[in-house]
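The entries below follow the order in which I looked things up.

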Number of protein chains: 2
Amino acid sequence: MKKEIILLKKYQKDIVLLNYLENLLDWDTETYMPKDGARSRSEQNAFISELIYKNLTSNNLFNLLQHLKNSKIKGIDKLLVERLYRKVERKRKIPEKLVRELSKTKILATMHWREAKKENNFKKFEPYLKKIVEIKKQESSLIGLKGHPYNSLLDEFEEGMTTEKLKSLFSKLKNKLIILHRKIEESKLYKNDLNNVYNIKLDSEKLKKFCKDVSNRIGLKEENSRTDISPHPFSQIIGLNDVRITTNYNHGGLSPFTSVLHESGHGIYDLNLPKKYLYTVLYDAPSYGAHESQSKFWEDMVGKSRPFWIYYFPKFNKEFKLNMNFKDLYRYANQATKNPIRIDSDEIAYCLHIILRFELETGLIDGSIKVKDLPNIWNKKMREYLNIKPKNDSEGVLQDIHWSHASIGYFPSYAIGVIYSSQLYRKMLMDKKNIELNVEKGDFKGVTNWLKKNFHEYGNTLTAEEIMKKACKEGLNPDIFIKYLNKKYSEIYEL
Amino acid sequence: MKKEIILLKKYQKDIVLLNYLENLLDWDTETYMPKDGARSRSEQNAFISELIYKNLTSNNLFNLLQHLKNSKIKGIDKLLVERLYRKVERKRKIPEKLVRELSKTKILATMHWREAKKENNFKKFEPYLKKIVEIKKQESSLIGLKGHPYNSLLDEFEEGMTTEKLKSLFSKLKNKLIILHRKIEESKLYKNDLNNVYNIKLDSEKLKKFCKDVSNRIGLKEENSRTDISPHPFSQIIGLNDVRITTNYNHGGLSPFTSVLHESGHGIYDLNLPKKYLYTVLYDAPSYGAHESQSKFWEDMVGKSRPFWIYYFPKFNKEFKLNMNFKDLYRYANQATKNPIRIDSDEIAYCLHIILRFELETGLIDGSIKVKDLPNIWNKKMREYLNIKPKNDSEGVLQDIHWSHASIGYFPSYAIGVIYSSQLYRKMLMDKKNIELNVEKGDFKGVTNWLKKNFHEYGNTLTAEEIMKKACKEGLNPDIFIKYLNKKYSEIYEL
């Protein structure tokens with residue numbers, strides 16, 4: 001069996017190396033590529049993804065996996081075979097013709113989405129989104145998981161999660177979040193803030209230093225990472241000990257800093273993956289929600305916490321001459337703004353944004369919602385959940401790039417990640433009583449180590465739910481998230 | 001036949017795309033990669049070069065090429081087949097085992113070369129260089145070209161060039177260069193300069209602006225190129241309309257500026273290659289000498305010329321407060337320093353450096369020189385050609401990285417490029433009487449256009465010698481180079 005395992009690892013390594021090359025291409029496209037290189041770059045991207053697809057779906061690999069699956073391997077080898085088989089089997093269910101069709105449609109859809117968003121004209125995007133939904137429906141029936149047809153799409157991002165589970169979970173969560181928002185809206189402080197808008201302008205050169213500082217404290221060092229500027233912040237793993245994050249200083253307020261916290265959370269997860277599984281499917285996060293739990297942990301649980309701002313408040317106040325008291329800055333960092341834009345939302349609105357998208361996506365896939373009706377339904381739900389009305393479709397239904405990328409089934413991972421992060425934070429506080437005292441002093445080493453030991457080091461040897469059960473003694477539990485929000489916002493807005 | 005040509009182009013495109021990916025990896029390694037990413041990067045490099053080797057030597061491609069070669073294709077298709085066949089045939093003569101052995105040896109050799117250079121200890125490098133020479137000898141006999149065994153190595157870089165031709169050409173050139181140097185040494189100005197060393201320190205932020213300016217005037221724009229910083233300056237093509245050059249501001253004096261001129265010369269050549277041949281072997285330079293002729297054209301012919309400095313002199317003088325007169329700055333830019341380091345040499349010494357390496361390499365390959373004797377022979381020749389004695393082996397035989405990279409046969413291309421560049425410049429002046437008046441005004445458009453029309457636009461449809469015959473009515477002719485140097489240096493040093 002040894003020879004076959006060696007061969008399997010060789011196949012695996014090739015695929016992982018190709019993935020890293022693809023990541024480098026993406027990183028370069030967003031950071032340093034000269035503008036006119038774009039046409040050539042899209043050919044390079046198409047070439048690499050085709051190569052990855054071919055490697056992943058090759059008969060050689062599949063036959064080897066089937067052979068090994070039915071053999072007497074055990075331990076990590078067995079796990080490797082199982083995890084990889086799952087991935088390969090899924091990919092092989094979708095014929096190359098459909099993959100090509102989707103990939104062409106995505107390029108057109110993204111192009112038209114950009115124009116539609118710019119011109120605030122949903123009609124321009126509609127036919128391409130319709131086509132994408134059709135292909136995704138086909139994909140769903142080819143994958144053919146039980147239950148709601150959305151399950152087959154969800155499964156790509158969140159193994160084992162079902163539409164049924166999420167529907168019940170989200171509907172409970174939704175009501176509680178709406179109630180909390182309403183309470184905040186009625187508070188004196190909230191009303192005061194409305195007339196007293198903080199429009200904090202932070203000098204970007206100075207802010208850059210804070211970004212570097214916080215990222216460093218989380219564990220990203222000059223030797224193993226870098227931070228560049230790109231239109232939209234992201235994080236990429238380029239190889240062992242090489243992660244790249246980006247931020248953007250055009251956005252005002254704290255947002256470049258918040259982005260660096262978020263992306264550093266992704267980055268430190270990748271840096272801490274178990275090195276012994278390098279170049280295998282096990283050297284990865286088990287799900288997108290798992291990855292998001294780490295970015296949200298640093299962005300929200302730590303980065304919007306009182307101890308965190310106890311450390312940074314005097315430094316910000318001094319460096320930027322803010323002339324604010326702690327209470328105001330802390331509330332500013334947690335402002336319940338009910339923003340129509342998902343990525344600018346507070347912690348309460350964020351999940352409502354996700355739930356809205358989940359409801360639309362499931363409707364699109366089961367046929368109960370038509371693409372042409374999306375703008376109306378979007379705006380109706382916005383009023384219902386956030387009590388706001390988007391100015392136009394550009395800040396409504398057209399705001400996200402995901403649908404033009406055919407990433408239907410991805411959004412729930414954001415909410416799952418957020419909920420996981422609140423569970424992990426609570427458990428960390430239980431395990432390490434004094435950890436927040438260190439955070440107040442700018443020492444995050446204990447936090448990073450706790451995450452490493454309880455989350456990062458599993459890599460993809462367990463599912464996200466299994467890791468959560470090991471770390472927190474239970475799987476996804478939105479009650480903890482609700483409790484966390486209620487407590488935090490009651491204090492901040494003196495409810 | 002059409003179907004086969006389409007298939008051939010597909011194969012070609014894959015290889016070119018892989019080459020561009022390899023270039024991006026190299027660019028990233030030298031510019032932005034975090035230090036600890038190096039191990040992972042070397043795996044990515046090995047993976048890509050293996051993929052390129054496999055694609056280039058595959059039976060599918062070779063059989064297709066043979067089939068097409070014997071068929072009735074013509075025009076560009078015929079050319080494409082011939083040029084690619086040549087490349088593939090060469091690659092296929094070297095068995096994969098030897099390629100792997102060489103590639104392992106190169107890694108070790110480079111590692112030990114670095115240490116040897118740092119510690120000034122040739123012995124540390126000796127066994128690895130010996131191994132490389134052995135492999136290169138094997139390679140030579142596998143390639144099996146007629147005449148001197150070095151011909152088979154030379155041919156990889158300079159199609160059609162022979163050791164026999166170069167020996168006679170270089171020996172003539174060598175004598176004339178030595179004579180010119182001696183004359184300069186006896187001149188009053190040269191002796192004066194020795195007691196009056198210019199140690200110009202240029203503020204790097206200000207110099208950066210000049211670098212950007214000159215590169216822009218040559219034709220590299222923000223949309224199609226970028227300039228970054230790396231330990232050693234280089235130029236890379238990443239794709240259509242995407243070239244990247246680098247420089248280094250740690251070197252003193254004019255050298256960062258000179259490097260940018262040099263690399264911009266490579267860059268504008270790549271940008272001006274005939275776009276209709278993109279993703280084929282024809283979208284390339286025909287030889288390394290051809291590419292070098294373009295970098296040297298801008299670095300030396302233009303960048304060390306009187307008209308060029310008429311434009312830049314007042315700007316440099318003002319910006320850096322040099323307080324020099326034109327004559328002194330112009331002589332400084334052309335100083336006959338007789339540097340022991342090749343890359344810091346003046347135009348006369350540069351070719352002597354190359355000839356020395358050529359003589360050593362041919363001796364190593366035909367067995368008349370032993371690796372262990374290299375330091376002695378190096379120093380002896382140095383005294384003979386440049387009348388200097390390297391302080392130690394680090395600034396002598398260990399100075400270049402080429403041998404540790406197994407690039408034996410490459411050095412002559414530098415001299416060939418230099419000679420070509422002098423021929424091209426002379427012909428340009430004959431074609432465009434007033435072109436230097438524009439250069440004096442900082443307008444290089446006429447120069448770039450002349451090069452584009454007479455050199456760049458041929459791509460790899462002709463050999464370098466053929467392009468030269470079209471552009472200058474004759475092939476490689478060192479007499480023109482000698483005349484150029486004699487005239488220039490007689491004026492500068494008032495001989």
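**Helix α6 of chain A**

I found that α6(A) bends by about 25 degrees at A:Y128. I note that the model is a predicted one.

I next checked the length of α6(A), residues 122-143. Its 22 residues should span 32 Å at 1.5 Å a residue, and the end C-alpha atoms are 30 Å apart, which agrees.

I then examined both ends. Just after the helix, A:G144 has a positive phi of about 70 degrees.

I listed the buried residues of α6(A), among them A:F122, A:F125, A:L129, A:I132 and A:I143. The charged residues A:E126, A:K136 and A:E139 are also buried. The elements covering the buried residues include α4, α5, α7, α15 and α16 of chain A.

**Strand β3 of chain A**

I asked how many of the six residues of β3(A), residues 242-247, are buried. Six of the six are, so the strand is largely enclosed by the rest of the structure. In a regular strand, side chains alternate between the two faces of the sheet.

I traced the partners of β3(A). β1(A) runs parallel to it, joined by five bridges, and A:I229 stands opposite A:T247. β2(A) pairs with β3(A) in the antiparallel sense over four bridges, with A:G239 opposite A:D242. In the hairpin of β2(A) and β3(A), two residues lie between the strands, and A:N241 takes a positive phi near 55 degrees.

Note on methods
Residues numbered from 1 in each chain as written. Chains lettered and ligands numbered in written order. Predicted model: local features only at pLDDT ≥ 70, side-chain atom pairs only at ≥ 80, totals over all residues. Heavy atoms only, no water. Buried < 20%, exposed > 50% of the residue type's maximum accessible area, 1.4 Å probe, protein only. Pairing = 2+ DSSP bridges. Expected span 1.5 Å × (residues − 1). Bend = angle between axes of the 7 residues up to and from the residue. Contact = heavy atoms within 4.5 Å.
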